[in-house]
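This report covers a sheet, its strand pairing and a group of aromatic side chains. The sequence and model come first.

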Amino acid sequence: MKINNKSFLYITGSLLAIATTLTSCNNDEADLPDTSGQKALITATQTSYTVAEGDTIMMEFQVDKAINTVMDFEFVLNENSTVNFDDITVGDGAQLGDFGNPNTSYLYTVPEFSESFMVPVIANRDLTVGEGDEVISLNMSATGRRTGLIKDGGINIDITVT
C-alpha cells in the first residue's frame, strides 16, 4: 500500500490537531509562589529558666513554618556561665566535631515537619556542698544543614541552677 502526499498531509495534520487539543487543556500552570528556597525561622517562647540541681527542664521553641528536612542547632556555653561543661547536658549531648567545638557546645536535631520543639537541659548533680546558685548562659544558633534560621546572632538563654 502506497501513501500519497494527500494522505500523508491529512494524517500528519490530524495527529497535530489531536496533540494540540490534548496539551492545550492542561490546567497545571497555576501561579503559586516558589517557597522551596525559604527556610524556617525559630523563636524562643521563654529565655530565662530556673532548675534544681539534678533535675531536667524543657526549653520550648516555635517554628514559623514546618519544613520537610531536619534542622540542627548548636547551644554554646557562654564565658559568663558559672558552670562547667560537664555540669549540664543540653539536647542530644556534646556537639559533633564536624559542626563545632565538642568541648564548649551541645547539639540538638529537630525532626522534619516540626511546628514547635522542646530541648531538654539536665543540670547534672555534682555533689559540691554549699556552692550556691550557678548560672548557665547559652547561645542557640543554626549549625549543620542550616535549614532553620535564628535572627540577630542567635537566641541567648539564661538558666539558674539552684
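## Sheet

Five strands form an open sheet in the order β2-β10-β8-β4-β6, with mixed pairing. Strands are DSSP runs of E with at least two residues, helices runs of H or I with at least four, both numbered from the N terminus; two strands pair if DSSP finds at least two bridges between them. At the edges lie β2 (48–51) and β6 (105–110), each of which pairs on one side only. From one strand to the next, the twist averages 25 degrees; axes are lines fitted to C-alpha atoms, for helices over the stretch in contact, and angles run from 0 to 180 degrees between N-to-C directions.

Strands β4 (residues 71–77) and β8 (residues 134–143) run antiparallel and are joined by six bridges. Within this pairing, Phe73 has Ala142 of β8 as its bridge partner.

## Model and confidence

The model is predicted: local features need pLDDT of at least 70 and side-chain atom pairs count only at pLDDT 80 or more, while totals for chains, interfaces and linings use all residues. Residues are numbered from 1 along each chain as its sequence is written, and side-chain values use heavy atoms, with hydrogens and water left out.

The pLDDT, the predictor's confidence in each residue on a scale from 0 to 100, averages 81 over the protein chain, and 85% of the residues score at least 70. Where pLDDT is low, the predicted coordinates should not be read in detail.

## Aromatic pairs

The whole structure contains four aromatic pairs. Rings of Phe, Tyr and Trp (its six-membered ring) pair if their centres lie within 6.5 Å; planes under 30 degrees apart count as stacked, over 60 as edge-to-face and the rest as tilted. Phe61 and Phe75 make a tilted pair, 6.2 Å centre to centre with 55 degrees between the planes. This pair links distant parts of the chain, with Phe61 in strand β3 and Phe75 in strand β4, 14 residues apart. Phe61 is buried (under 20% relative accessible area; exposed is over 50%, partly exposed in between, with a 1.4 Å probe and protein chains only), at a value of 0%. Phe75 is also buried, at 0%.

Phe73 and Phe117 are stacked, 5.8 Å centre to centre and 10 degrees between the planes. Phe73 is buried, with a relative accessible area of 0%, and Phe117 is buried at 5%. One aromatic cluster is formed by Phe61, Phe73, Phe75, Tyr108 and Phe117.
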